[in-house]
Amino acid sequence: MLELARKVLDGEEAWVVGGAVRDEVLGRPMVDLDIACSDPEQAARRYARGSEGAPFPLSERHGAWRVALSDERTVDFTPLPDGIEADLASRDFTINAIARPLAGGEHVDPFGGLGDLDRRVLRAVGPAIFQDDPLRLLRAARLEDELGFQLDSETERLVRANAELVTRPAGERILAELTRLSAACFERLDEIGLLAPLGGSVDRLRTLEETTPDLRLLAVFGDRLRQLPVSNELRRYAGKLLRAELPSDLSARAIHRFRRATEPWATDAARFAGGDDDLVRVIEEARAKDPAAPLLRGDELGLPPGPEIRDWLERIAEERAAGTISTSEEALDLVRRGGEPAAG
């Protein structure tokens, strides 16, 4: 990433800034690259040609451009209207307000970010950072968690004082931050007053031992999650888990019915509804035994087209899971008898 950027901006003023410098100093892998330069659009277009990435404007208001790479990493190019120190003064935390020349050289660190990296402290560049962009409130908690840092006392005071602003960013931006949070980070949001304004609670989250990002979101926000601009897939996931009722027992029939109502998220649904490890284990065992193909197709039932076909296919699948039938002949016989069990 850096090599191509140096080639694209050879001979021009350009600085590596933000999280890329921070992660480099910490010895963390560089995931995304942020470069401040005089002409972000042209730099992005040239970089895209050399990387086969896709360039697009990131902020028409501020003139920033992004190149999306095929491996899901990104390279951002931001303008330098008033020089590098003014750019750094507009950033959020001191550890993100460090720059170094793209071509190589000493760091520019007007706010003491390198020292804060050594001390593993997250400190605001200035008192207005959360008013300038309230999304930084969520980012503060996330960076604490991801980096293993600690908010300094004044920055934590600013977070608490500005907590009510946390709902102001666009829903898409809020959701992007929330999706990245660990269970411990949601606890931290609650502690510093950021979760309640968003309508969240950690009560249900505390009952879950194993979680995924989607399960954490649903546990924290419940039905209110649908008020955020979530994907259709996440809406379906939330709907199934919110409606899930634990099976009455661990019989094959009960597990089949639970899975029919909750797959492909049956294990998450079991945890969300309060099921124990035994239930999760039985669900996983049932999944492993799923047959490769149904006993019958709809056109083999000898019935006229209509919803009855779907109902019969579901009934056949349930009886097969319960062990009462195992062949296509037995399935057809079940249909002919109208669902009555075989004699004897």
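1. Contact here means heavy atoms within 4.5 Å. By that criterion, and leaving aside residues up to four places away in sequence, Phe186 touches Leu178, Leu181, Leu195, Val202, Leu205, Arg216, Leu217, Val220 and Phe221.

2. Basis of the note. This is a predicted model, in which local features need pLDDT of at least 70 and side-chain atom pairs count only at pLDDT 80 or more, while totals for chains, interfaces and linings use all residues. Residues are numbered from 1 along each chain as its sequence is written, and side-chain values use heavy atoms, with hydrogens and water left out.

3. Six strands form an open sheet of mixed pairing, in the order 3-4-5-2-1-6. Strand 3 (54-59) and strand 6 (99-101) are the edge strands, each pairing on one side only. Neighbouring strands of this sheet are turned by 30° against each other on average, direction ignored. Strands (E, at least two residues) and helices (H or I, at least four residues) are DSSP runs numbered from the N terminus; two strands pair if DSSP finds at least two bridges between them.

4. Strand pairing. Strand 2 (residues 33-37) and strand 5 (residues 74-79) run parallel and are joined by 5 bridges, with Asp76 of strand 5 as the bridge partner of Asp34. Strand 1 runs antiparallel to strand 2, with 3 bridges between them, and Val16 stands opposite Ile35 in strand 2. Strand 1 also pairs with strand 6 in the antiparallel sense over 3 bridges; there, Val17 has Ala99 as its bridge partner.

5. Faces of strand 1. In a regular strand the side chains alternate between the two faces of the sheet. Both faces of strand 1 are covered, with Ala14 and Val16 buried on one side and Trp15 and Val17 buried on the other. Buried means under 20% relative accessible area, exposed over 50%, and partly exposed in between (1.4 Å probe, protein chains only).

6. Helices on the sheet. Helix 2 (residues 19-26) lies across strand 1 (14-17), strand 2 and strand 6, running at about 65° to strand 1. Helix 3 (residues 40-51) packs on the sheet and touches strand 2, strand 3, strand 4 (64-68) and strand 5, its direction making about 5° with that of strand 4. Axes are lines fitted to C-alpha atoms, for helices over the stretch in contact, and angles run from 0 to 180 degrees between N-to-C directions.

7. Nonpolar cores. A nonpolar core is a set of buried Ala, Val, Leu, Ile, Met, Phe, Trp, Tyr and Cys residues joined through side-chain atoms within 4.5 Å. The largest has 93 residues, and those with the most contacts inside it are Phe77, Leu178 and Phe186. Helix 7 (residues 135-147) gives the most to this core, with 7 residues. A second, separate core of 10 residues includes Leu295, Leu296, Leu301 and Ala331.

8. Helix 7 against helix 9. These two helices pack at an angle of about 5°, with axes 10 Å apart. Leu135, Leu138, Arg139 and Arg142 of helix 7 meet Arg173, Ile174, Glu177 and Leu178 of helix 9.

9. Helix 11. Of the 9 residues of helix 11 (residues 213-221), 7 are buried, so this helix is largely enclosed by the rest of the structure. The buried residues are Leu215, Arg216, Leu217, Leu218, Ala219, Val220 and Phe221, and they pack against helix 9 (171-179), helix 10 (183-191), helix 12 (232-243) and helix 14 (266-272).

10. Two buried polar residues. Glu318, in helix 16 (residues 307-322), is buried with a relative accessible area of 5%. The side chain of Glu318 makes a polar contact of 3.3 Å with that of Arg260. A polar contact is a pair of N or O atoms within 3.5 Å; within protein, one must be able to donate a hydrogen and the other to accept it, and residues adjacent in sequence count only if both atoms are side-chain atoms. Asn96 lies in the loop between helix 4 (84-89) and strand 6 and counts as buried at 7% relative accessibility. The side chain of Asn96 makes a polar contact with the side chain of Asp92 (3.1 Å).
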